[in-house]
Amino acid sequence: MSGAAQPDAAPALEVIGLRKSFAGRPVVDDVSLSVAPGEVLGIIGRSGCGKTTLLRAIAHLDPPDDGFVRVGGHAFGPEVSPAGVVRRGWRRGRDISRERHRIGFVFQQLHLWPHLDVLGNVTRAQSVVLSRPAPVATERARALLARLGIADRAAMRPAELSGGQQQRVAIARALALDPPVLLFDEPTSALDPELTGEVAALLRTIAGEGRALVVVSHSLGFVRRLCDRLAFLDGGHVVEEGPAARLLDAPRDPRLARFLAALAPPFPSPQPAR
Ligand SMILES: Nc1ncnc2c1ncn2[C@@H]1O[C@H](COP(=O)(O)OP(=O)(O)OP(=O)(O)O)[C@@H](O)[C@H]1O
């Protein structure tokens with residue numbers, strides 16, 4: 001970890017009492033989280049515990065049923081209260097599209113536009129979401145592609161790239177909107193294990209710019225390397241939260257201990273040959 005987190009700073013992201021149900025079944029149930037600028041929060045938990053649903057509800061890709069999301073102290077989304085009061089002047093559907101650039105989202109499946117080349121993928125969202133003039137958007141895109149080491153791929157289509165390169169395009173596309181908050185859903189799931197360290201280093205650099213990152217991952221090695229804090233989700237609730245090393249090495253909740261034990265290698269590592 002780079003130590004760039006600013007835990008005493010005002011939160012970049014606040015999630016307060018978020019709830020999301022599908023067909024009457026609560027999947028995210030009263031989740032509250034706070035992430036400081038420069039901090040990386042990891043979300044861990046067994047398959048189906050609601051990690052992706054939580055990320056999507058934070059970003060209002062699937063609007064939450066209840067709760068508040070704030071970015072830099074300002075409301076993100078309609079702020080539906082338990083009493084059903086909606087933020088004054090809020091127009092559902094229309095207004096969220098204007099705010100989307102404040103929370104970047106890098107999907108597990110990446111969702112790059114297959115018919116656009118790499119440069120087009122990184123400029124298009126800037127034009128659509130921020131109405132940036134084409135030359136400004138292109139300059140920003142080229143600078144990001146260079147920074148992410150894929151400038152020489154600018155004219156290629158996503159299908160012509162490796163998984164790691166495609167992921168860099170998705171990260172460049174999200175960064176192009178300058179979001180103070182970035183959400184990553186399983187950023188290493190499509191990558192070879194040797195790229196995991198590279199992705200962790202890249203995300204640390206991005207956080208080091210003062211952005212708040214929330215990262216869902218199944219890989220304990222990855223979250224240990226990357227995250228300042230972890231939240232363990234079970235049954236739609238955050239049942240334990242704290243410094244990453246503390247949760248991984250000294251879990252307090254038996255559900256977290258069981259989850260970690262199930263992921264630990266079944267046999268001790270072989271002793272290295274002397
Ligand atoms: N759009 C939806 N409609 C109905 N049910 C849904 C929807 N999205 C998610 N669910 C359900 O919510 C539960 C949590 O799903 P979610 O994808 O959030 O879990 P997860 O923790 O991210 O799982 P995984 O680690 O396997 O990706 C699952 O039971 C899933 O079937």
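Begin by selecting glutamine 109, which lies in the loop between strand 6 (103–106) and helix 3, where helices (H or I, at least four residues) and strands (E, at least two) are DSSP runs numbered from the N terminus. What you have open is a predicted model, in which local features need pLDDT of at least 70 and side-chain atom pairs count only at pLDDT 80 or more, while totals for chains, interfaces and linings use all residues. Residues are numbered from 1 along each chain as its sequence is written.

Glutamine 109 counts as exposed, because it has 10 C-beta neighbours inside 10 Å; a residue is buried if 20 or more other C-beta atoms lie within 10 Å of its own, exposed if 12 or fewer, and partly exposed in between, with C-beta atoms placed from the backbone.

**The whole chain**

Zoom out for a moment, and the chain shows nine helices and ten strands. Of its 274 residues, 40% count as buried. Two residues are in contact if their C-beta atoms, placed from the backbone, lie within 7 Å, and among contacts between residues at least 6 apart in sequence, 66% join residues at least 24 apart.

**Helix 3**

Select residues 118–130, which form helix 3, a run of 13 residues that reaches 19 Å from its first C-alpha to its last, close to the 18 Å expected at 1.5 Å a residue; the expected span is 1.5 Å times one less than the number of residues. Its buried residues are Val118, Leu119, Asn121, Val122, Thr123, Ala125 and Gln126, and they pack against helix 4 (134–147) and helix 5. Helix 3 is followed by serine 131, whose phi is positive, near 55°.

**The largest nonpolar core**

A nonpolar core is a set of buried Ala, Val, Leu, Ile, Met, Phe, Trp, Tyr and Cys residues joined through C-beta atoms within 7 Å. The largest one here has 71 residues, and Ile58, Val122, Ala172, Leu183, Leu203, Leu213 and Val215 touch the most other members. Helix 5 (residues 163–175) supplies the largest share of this core, six residues. In soluble globular proteins, nonpolar side chains tend to be buried together.

**Helix 6**

Leu203 leads on to helix 6, where Val199, Ala200, Leu203, Arg204, Ile206 and Ala207 are buried. They are on the same side of helix 6, because they cover an arc of only 160° around the axis, the arc being that of the directions from the helix axis to the C-beta atoms. What do they pack against? The buried residues of helix 6 pack against strand 3 (40–44), helix 5, strand 7 (181–185), strand 8 (212–216) and helix 7 (220–226). Beyond helix 6 comes glycine 210, with a positive phi near 95°.

Move to valine 15 in strand 1, which counts as buried because it has 23 C-beta neighbours inside 10 Å. Not counting residues up to four places away in sequence, valine 15 touches Val31, Ser32, Leu33, Ile58 and Val69.

Next, select alanine 23 in the loop between strand 1 (13–22) and strand 2 (25–35). Most residues other than glycine have a negative phi. Phi of alanine 23, however, is positive, near 50°. Alanine 23 counts as exposed, since it has 5 C-beta neighbours inside 10 Å. Aspartate 30, found in strand 2, also has a positive phi, near 65°, and aspartate 30 is partly exposed, with 14 other C-beta atoms within 10 Å.

**Around the ligand**

Finally, select the ligand and the residues around it, which are Phe22, Val27, Gly45, Ser47, Gly48, Cys49, Gly50, Lys51, Thr52 and Thr53; a residue is near a molecule if its C-beta atom, placed from the backbone, lies within 6 Å of it. Helix 1 (residues 51–58) gives the most to this shell, with three residues. By class, the shell divides into three nonpolar, six polar and one charged, where Ala, Val, Leu, Ile, Met, Phe, Trp, Tyr, Cys and Pro count as nonpolar, Asp, Glu, Lys and Arg as charged, and the others, Gly among them, as polar.
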